[in-house]
Amino acid sequence: MSSGPSTPSGSDSKRQRVLPVPKAAANTRTFEPDSSIVSDIIPSPNHGDRNKGRQPDMILLHYTGMPDVEGALARLCTAGTEVSAHYVVLEDGRIVQCVPEAKRAWHAGVSSWAGEDDINSCSIGIEIVNRGHDWGYPDFPSRQIAAVTALCRGIMLRREVPSHRVLAHSDVAPSRKKDPGEKFPWHSLANSGVGHWVQPAPVVRSETLKIGSIGDDVQNLQQALAKYGYGVPVTGKYDGPTMDTVAAFQRHFRPAKVDGIADRSTLTTLHALLASLPPEVRAIAAK
Ligand SMILES: [Zn+2]
């Protein structure tokens with residue numbers, strides 16, 4: 001049987017397309033992948049040494065926030081852009097490694113968690129291909145989530161990363177970042193042992209703390225957020241940074257409503273998370 005006209009723009013050819021390797025990456029030295037489920041290496045020159053030999057014990061999840069994967073890979077793998085990540089997870093579940101885990105990739109920017117502010121030195125960065133809030137913010141395909149989950153599980157085992165240190169970029173930089181955002185299915189990762197999670201308390205009508213609120217209740221909220229790891233100043237005043245931190249908390253742990261207003265559901269979920277931290281972590285957080 002003779003074949004019909006070829007359809008290079010058909011969905012099959014799109015699905016099987018070869019990965020676009022940015023030109024600049026062709027000159028960068030390649031390396032052995034750290035994970036057996038990596039399908040491609042596209043080396044990025046954008047990395048350095050981890051400060052003071054800090055070994056990574058955190059995984060930071062991002063979305064690429066760009067219209068297409070070609071542009072995202074080019075940005076992450078071209079000298080001069082000053083950004084990179086250890087891994088990029090494509091929508092079809094393929095995993096690309098760009099920076100060896102031993103090296104310090106440049107993905108976190110100005111950020112802080114649990115008293116540390118050199119997050120790049122203590123973390124492994126994973127970029128998840130998704131256009132993000134500025135470009136329509138599509139759902140994450142389940143194949144992609146399965147790949148992210150498997151990648152994280154491997155890193156957690158190899159690097160002894162505790163569940164409560166698998167975090168969103170928005171957690172460590174609440175006033176600057178939204179990624180990977182409220183559509184990211186943290187609950188399904190948690191079902192596979194990745195990330196710390198409790199069932200969020202339902203949203204009901206309740207008293208709230210919000211911009212302008214002042215007093216002990218605000219101070220207690222800030223203290224609880226800081227205990228969990230957020231870099232929020234404890235002032236007793238519900239200011240801009242407090243609102244941004246509450247929104248980041250909601251994006252990750254109570255995604256049904258992200259408004260930066262601390263309602264009862266937000267507070268209950270936060271305290272349930274704190275109570276379910278491993279005892280040794282709670283002891284440190286209480287100091
Ligand atoms: Zn990010």
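This is a predicted model: local features need pLDDT of at least 70, side-chain atom pairs count only at pLDDT 80 or more; totals for chains, interfaces and linings use all residues.
Residues are numbered from 1 along each chain as its sequence is written, and side-chain values use heavy atoms, with hydrogens and water left out. Local features need pLDDT of at least 70 and side-chain atom pairs count only at pLDDT 80 or more, whereas totals for chains, interfaces and linings use all residues.

The zinc ion has as protein donors His-62 (ND1), His-169 (ND1) and Asp-179 (OD), which lie 2.1 Å from the ion. Donors are N, O and S atoms within 2.8 Å of the metal (3.2 Å for Na, K and Ca); water is not among the atoms, so sites may look incomplete. The spacing of the donor residues in sequence is H-x106-H-x9-D. His-62 and Asp-179 link distant parts of the chain, being 117 residues apart: His-62 belongs to strand β3 (residues 58-63), and Asp-179 to the loop between α5 (169-172) and α6 (186-191). Helices (H or I, at least four residues) and strands (E, at least two) are DSSP runs, numbered from the N terminus. His-62 and Asp-179 are both buried, where buried means under 20% relative accessible area, exposed over 50% and partly exposed in between (1.4 Å probe, protein chains only). Asp-179 is also joined to Pro-180 by a cis peptide bond, with omega about 0°; Pro-180 lies in the loop between α5 and α6.

Another histidine, His-86, is located in the loop between α2 (69-77) and β4 (87-89). His-86 counts as buried because its relative accessibility is 0%. Its side chain reaches the backbone oxygen of Lys-103 at 2.9 Å. A polar contact is a pair of N or O atoms within 3.5 Å; within protein, one must be able to donate a hydrogen and the other to accept it, and residues adjacent in sequence count only if both atoms are side-chain atoms.

Helix α4 (residues 142-159) has 18 residues and should span 26 Å at 1.5 Å a residue, which agrees with the 25 Å between its end C-alpha atoms. The expected span is 1.5 Å times one less than the number of residues. Buried residues of α4 are Gln-144, Ile-145, Ala-147, Val-148, Thr-149, Leu-151, Cys-152, Ile-155 and Met-156. They pack against β3, β4, β5 (95-97), β7 (123-128), β8 (166-168) and α6; contact means heavy atoms within 4.5 Å. Just after α4, Glu-160 adopts a positive phi of about 50°.

The largest nonpolar core contains 55 residues, and those with the most contacts inside it are Ile-59, Leu-61, Ile-126, Phe-184 and Tyr-228. Helix α4 gives the most to this core, with seven residues. A nonpolar core is a set of buried Ala, Val, Leu, Ile, Met, Phe, Trp, Tyr and Cys residues joined through side-chain atoms within 4.5 Å. Apart from neighbours within four places in sequence, Phe-184 is in contact with Leu-61, Ile-128, Tyr-137, Phe-140, Ile-145, Val-148 and Leu-189. A second, separate core has 14 residues, including Leu-73, Cys-77, Leu-90 and Cys-98.

Rings of Phe, Tyr and Trp (its six-membered ring) pair if their centres lie within 6.5 Å; planes under 30 degrees apart count as stacked, over 60 as edge-to-face and the rest as tilted. Trp-113 and Tyr-230 form an edge-to-face pair, 4.8 Å centre to centre with 70° between the planes. This pair links distant parts of the chain, 117 residues apart: Trp-113 is in the loop between β6 (104-105) and α3 (119-122), and Tyr-230 in the loop between α7 (216-228) and α8 (240-253). Trp-113 is buried at a relative accessible area of 2%, and Tyr-230 is buried at 3%. The pair of Tyr-137 and Phe-140 is edge-to-face because the ring centres are 6.2 Å apart and the planes stand at 85°. Tyr-137 and Phe-140 are both buried. One aromatic cluster is formed by Tyr-63, Tyr-137, Phe-140, Phe-184 and Trp-186.

Positive phi values also occur in loops. Lys-52, in the loop between β2 (47-48) and β3, has phi near 55° and is exposed, with a relative accessible area of 89%. Glu-82, in the loop between α2 and β4, has a positive phi of about 65° and is exposed at 55%.
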